[in-house]
Structure formats: structure tokens, C-alpha cells
Amino acid sequence: MTGQEIDKDVRQELLSLPKTLAEDVARNLVMVAKLLDEDPEQAYGYSRVALRLASRVAAVREAAGFASYAVGKYSEALAEFRAARRMTGSVELWPVMADCERGMGRPERALAMAGEPEVQKLDRAGQVEMRLVAAGARRDMGQADAAVVTLQSSELASSSVQPWTARLRYAYADALLAVGREDEAREWFAKALEADQGGTTDASDRLAELDGVEFVDALMPEGESAPESESAPADDDAEDDTEDDAGAAADRDERDDDEQDERAGQAEQEDKDEQRADDGADS
């Protein structure tokens with residue numbers, strides 16, 4: 001990993017750093033991008049190294065934000081996203097910042113952000129993302145019907161397939177299912193699957209679940225059933241052992257209680273003896 005794999009725009013930002021330092025930061029940022037999906041904890045570790053090396057570079061703050069977001073550190077992620085936004089003046093992080101508010105248990109703030117002027121400055125993909133966050137916030141607040149309405153849009157109705165199409169259709173299907181509109185939900189899960197060329201959703205599993213399809217082991221010969229566990233006949237013995245263990249534990253608890261009572265009695269007697277001694281000294 002040389003660091004040369006990094007995005008050219010990020011490399012341009014790193015030119016403000018000394019060459020050796022820039023190379024170190026670049027290598028860490030490449031590892032963050034590479035591991036973010038498959039090993040977010042490790043990606044987070046690399047992001048913290050990059051942050052220590054170059055905290056004044058917007059791309060580093062953004063990468064640190066996404067790494068924190070991936071491991072559920074939403075407060076930390078929000079702080080990094082805000083810092084990156086201050087440095088660049090860009091609004092493209094607005095939806096994920098709102099989602100951090102959701103992650104912190106503040107859906108009302110996420111919903112308020114969905115109504116801010118910044119949303120109008122987002123590109124189409126960003127506006128779809130903001131709509132998804134707003135719908136999620138509605139559901140967090142127990143407003144399931146409002147979530148359905150929030151997702152209804154020209155992007156949802158469009159027959160063209162865009163990078164966000166599968167996720168938008170999936171979210172709409174899930175929202176419909178949450179309000180009991182199962183037939184419509186099935187239709188939209190099917191549409192989500194149709195658009196999901198990269199396998200980003202589990203729409204096929206949700207469809208199978210709605211259709212009552214049960215999956216079986218393809219390696220098992222036809223007509224054979226799964227063998228019973230070899231340990232099944234030992235259930236009686238296990239039960240006896242459990243009873244014995246429980247009895248032994250009860251005995252130990254009883255002995256402990258007796259010892260505690262005895263210690264308490266001794267302490268009480270010592271207090272009485274000391275009191276009598278004090279009374280004798282006073283007289």
C-alpha cells in the first residue's frame with residue numbers, strides 16, 4: 001500500500017503537508033477506504049492515526065467521520081463532519097450529519113435539518129439521501145404513516161435506475177410493511193430487487209419471507225431429514241446434573257447466609273461490650 005491509490009482530489013489537499021507526512025496520511029486514508037465495509041473497527045483505527053497526523057485537512061476529518069459513523073460513534077462522527085464542513089463550506093455531508101442525530105437518539109433534530117435551506121443546495125443524490133434520513137426519523141418518532149408519505153417522490157416514481165434507486169424502493173417497501181400494507185410492500189420489494197444490481201439490500205430475502213418460502217440445505221440428499229442430535233438421550237442426565245448443581249448452589253448460599261449472620265452477631269456483641277466498657281469508665 002503506497003498511498004498513490006488515493007483519490008486525486010484528496011491527494012491535492014495533502015500537498016499542503018510535508019512530503020513524508022503526506023505519504024503517511026495517504027496510506028492511512030487508503031486503508032480506511034479499503035476496510036470501511038469489511039472491517040470498520042480496523043478502519044476506525046487507521047482513521048485515528050490519520051487524524052493525529054493531519055487534523056487540519058478536510059479529507060482527513062471527513063474520513064474520520066465516516067469511520068466513526070461505521071462503528072456507531074455518532075457523536076464523534078458528527079463532530080468530524082462538522083469540522084470538515086467548516087473547512088470546505090460544502091453541504092454534501094448534511095444528510096449523514098442528520099443521520100448522526102438519529103443515531104444519538106435525536107430524530108427531531110434530524111427532521112429539522114431536513115427542512116433547512118442546505119437541503120436545496122444538495123444534488124439529486126443528496127436530496128434522496130436526505131429523504132431517506134427524514135423517513136427514518138419519522139419512524140423513530142413513531143410516525144410510520146408519515147414515513148411512507150415522506151418517501152413518495154418523483155425519484156421513487158421514476159422508472160430509471162440510479163445509484164440510489166434500490167435503497168429508496170427498499171425503504172419505501174419497508175415503510176409500507178410497517179403500516180400493514182403487505183401487498184404493496186411485496187410489490188416494492190420486487191422493484192427494489194430489480195434495481196439492486198450491486199446486492200446492496202436484502203430485498204430477495206424479504207420477498208421470500210413475505211411469500212412464506214423456507215430455505216433448505218442444498219447439500220442434503222432429497223428425502224432425508226436432519227439427524228437428531230447425538231446428545232439428545234443425555235437430556236435426563238443433564239437435567240439431573242442441573243438439579244445437583246442447583247442444590248449445591250443453594251447449600252453454598254445457605255452457608256454464606258449463616259456466616260454473614262454469625263459475623264453480624266459478633267459485630268453486634270462487640271458493640272455492646274464496648275458500650276458497657278464505656279459506661280463503666282464513666283461511672
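User: Where does Thr150 lie, and why does Thr150 count as buried or exposed?

Analyst: In this predicted model, Thr150 lies in helix H9, residues 144–151. The relative accessibility of Thr150 is 17%. Buried means under 20% relative accessible area, so Thr150 counts as buried.

User: Which residues does Thr150 touch, leaving aside those up to four places away in sequence?

Analyst: Thr150 touches Arg131, Ala134, Ala135 and Arg138.

User: What makes Ala157 buried or exposed?

Analyst: Ala157 is placed in helix H10, residues 154–157. Its relative accessible area is 66%. The cut-off for exposed is over 50%, so Ala157 is exposed. In sequence Ala157 and Arg169 are twelve residues apart, and their C-alpha atoms are 9.3 Å apart in space.

User: Which residues make the contact of H4 with H5, and how do they divide by class?

Analyst: From H4 come Ala58, Arg61, Glu62, Ala64, Gly65, Phe66, Ser68 and Tyr69. From H5 come Tyr74, Glu76, Ala77, Glu80, Phe81, Ala83, Ala84, Met87 and Thr88. The contact of H4 with H5 has ten nonpolar, three polar and four charged residues.

User: How do you know whether H6 and H8 are roughly parallel or antiparallel?

Analyst: Helix H6 (residues 94–103) and helix H8 (residues 124–140) cross at roughly 15 degrees, and their axes come within 9 Å. Angles under 35 degrees count as roughly parallel, so H6 and H8 are roughly parallel to each other. H6 passes H8 in a left-handed crossing. On the H6 side the contact is made by Trp94, Pro95, Ala98, Asp99 and Arg102. On the H8 side it is made by Gly126, Glu129, Met130, Val133, Gly136, Ala137 and Asp140. By class, the contact of H6 with H8 has six nonpolar, two polar and four charged residues.

User: What makes H8 and H11 roughly parallel or antiparallel?

Analyst: The axes of H8 and helix H11 (residues 165–178) cross at roughly 20 degrees and come within 11 Å. With the cut-off for roughly parallel at under 35 degrees, H8 and H11 are therefore roughly parallel to each other. The crossing of H8 and H11 is left-handed. H8 contributes Val128, Glu129, Leu132 and Arg139 to the contact, and H11 contributes Arg167, Leu168, Ala171, Asp174, Ala175 and Ala178. Six residues of the contact of H8 with H11 are nonpolar, no residues are polar and four are charged.

User: How many helices and strands are there in the protein?

Analyst: The protein has 14 helices and zero strands. Of its 283 residues, 32% count as buried. Among contacts between residues at least 6 apart in sequence, 49% join residues at least 24 apart.

User: What is the mean pLDDT of the protein, and where does pLDDT stay under 50?

Analyst: The mean pLDDT is 84, with 74% of the residues at 70 or more. It stays under 50 over residues 238–243, where the model has zero contacts beyond four places in sequence. Residues 270–275 also have pLDDT under 50 and zero contacts beyond four places in sequence.

How values were computed: Residues numbered from 1 in each chain as written. Predicted model: local features only at pLDDT ≥ 70, side-chain atom pairs only at ≥ 80, totals over all residues. Heavy atoms only, no water. pLDDT = per-residue confidence, 0-100. Contact = heavy atoms within 4.5 Å. Helix = DSSP H or I, 4+ residues; strand = E, 2+ residues; numbered from the N terminus. Nonpolar A, V, L, I, M, F, W, Y, C, P; charged D, E, K, R; others polar. Buried < 20%, exposed > 50% of the residue type's maximum accessible area, 1.4 Å probe, protein only. Axes fitted to C-alpha atoms, helices over the stretch in contact; angles between N-to-C directions. Parallel < 35°, antiparallel > 145°, perpendicular 65-115°, else oblique. Left-handed = near helix turned anticlockwise from the far one by under 90°.
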